[in-house]
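Visitor: I would like to learn how to read a structure like this one. Could you take me through some features, step by step?

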Amino acid sequence: MTTLRRNGRKMKNRILAFAALLLLSLLHACEKPQQKLETEFIDLFDTVSQVVGYAADYKEFSTFTKQLHEALLEYHKLYDIYNSYEDVNNLKTINDNAGKSPVKVDKRIVELIIFSKKMHSQTNGLVNIALGPVLKIWHDFRTLAAENPNEAAIPEIELLKQANEYTNIEDVLVDEAASTVFLRYEGMSLDVGAIAKGYALERVCEAFEQAGYKSILINLGGNVRAMGAGQNDKPFRVGIKNPLGGKFLNIIAVRDCSLVSSGGYERYYMFNGRRYHHIIDPNTLCPSDYFEAVSVLCRDSALADALSTAIFIMDYESGLALINSLEGVEALWVMHSGEVKYSDGFKAFIVS
Ligand code: AMP
Ligand code: MG
């Protein structure tokens, strides 16, 4: 554990030292023309990520992206619920020890869980990282359908209800001082798919930003985070995917901002002509059916991630009320008809 903490500190120091160096080299590079550079990661959070940045040369950019990748990979391992890693206790370790014993973990796990508990209460329980047992059933049915579409089926409601007996977030016991997490009952499990990518991205970008780094746009599997603005301090332009296909819904101009979308159009399976996607309404224990997709725009990518999942599982009026109650948060909703609804302040970001 001490080693992990030390590694965490080391990583932050490395980022800070590196970013300071980078700033110097950026200052030096002012005379040189900045060019747009891009790279891709394929091993983070089971998704494809792109990074776009402006730098004087590729070496400078690739040194930065290497540091970024390392930092995100640490979070990926910590927040992994499917794989164990020799050198670290992660969320899978916590799940494996449900009902048995508290697990000592890196503080980045403790902080994620505390944030998730806060989002649980802010969303009236709709976003619940303790919903693991129910989500696992849907995950298994989705996997089965992907492997053999002829065997596609939906789970019995009784099975879902039994699993739901073990989804009370109050039974996720966090001891912040001891840095331990304990799931009170066997049968409980955490699933942080709704929040972890945004949370990890926010923490990593925050560390780079504190060191003064700017002009980077990261897309971590649909979670977009702009650090600063683009070339010549012009806002980055980001396209919002149309879940019904075709061109972008909108192009928006952003700086120091996150855009996170949730939808039923990417991870789903078909059964009896109906689409069963991966975002589950804790009230029905089934996929929600209000919208094709939603997007949330705000500075903090962790908040945007949690809120986009939340407003996908509530009706438009409740979602709009939640968004309007929060300072600096905007959203859009794509209805099944294709109509797009926007919160009041969203349109100010739209370029086309
Ligand atoms: P997102 O794409 O951010 O909306 O997150 C979707 C993922 O969150 C799913 O793949 C599940 O892992 C998880 N999830 C689905 N429904 C819920 C829910 N009601 N509360 C918390 N996590 C959920
Ligand atoms: Mg989310």
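Guide: Let's start with burial: a residue is buried under 20% relative accessible area, exposed over 50%, and partly exposed in between, using a 1.4 Å probe and protein chains only. Strands (E, at least two residues) and helices (H or I, at least four) are DSSP runs, numbered from the N terminus. Here, seven of the nine residues of strand β2 (residues 47-55) are buried, so "mostly covered" describes β2 under that cut-off. A word on the ground rules: this is a predicted model, in which local features need pLDDT of at least 70 and side-chain atom pairs count only at pLDDT 80 or more, while totals for chains, interfaces and linings use all residues. Residues are numbered from 1 along each chain as its sequence is written, chains are lettered from A and ligands numbered from 1 in the order written, and side-chain values use heavy atoms, leaving out hydrogens and water.

Visitor: Which strands join β2, and over how many bridges?

Guide: Two strands pair if DSSP finds at least two bridges between them. Strand β1 (residues 35-44) pairs with β2 over eight bridges in the antiparallel sense, with Glu40 partnered by Gln50 of β2. The β1-β2 hairpin has two residues between its strands, and Phe45 there takes a positive phi near 50 degrees. Strand β6 (residues 216-220) is also antiparallel to β2, joined by five bridges, and Ser49 stands opposite Leu220 in β6.

Visitor: In what order do the strands of the open sheet lie?

Guide: The order is β3-β5-β4, with antiparallel pairing. The edge strands, each pairing on one side only, are β3 (103-104) and β4 (172-175). Two bridges link β3 to β5 (residues 180-183), and Lys104 is opposite Thr180 of β5.

Visitor: How does the span of helix α2 compare with the expected one?

Guide: The expected span is 1.5 Å times one less than the number of residues. Helix α2 (residues 58-78) has 21 residues and reaches 30 Å from first to last C-alpha, close to the 30 Å expected. Its buried residues include Phe61, Phe64, Leu68 and Leu72.

Visitor: Which protein atoms are donors of the magnesium ion?

Guide: Donors are N, O and S atoms within 2.8 Å of the metal (3.2 Å for Na, K and Ca); water is not among the atoms, so sites may look incomplete. For the magnesium ion (ligand 2), they are Ala194 (O), Asp305 (O), Asp305 (OD) and Thr309 (OG1), 2.1 to 2.3 Å away. Ala194 lies in the loop between β5 and α7 (196-210) and Thr309 in helix α8 (residues 301-312), so the pair ties together parts 115 residues apart in sequence. Thr309 is buried, at 10% relative accessible area.
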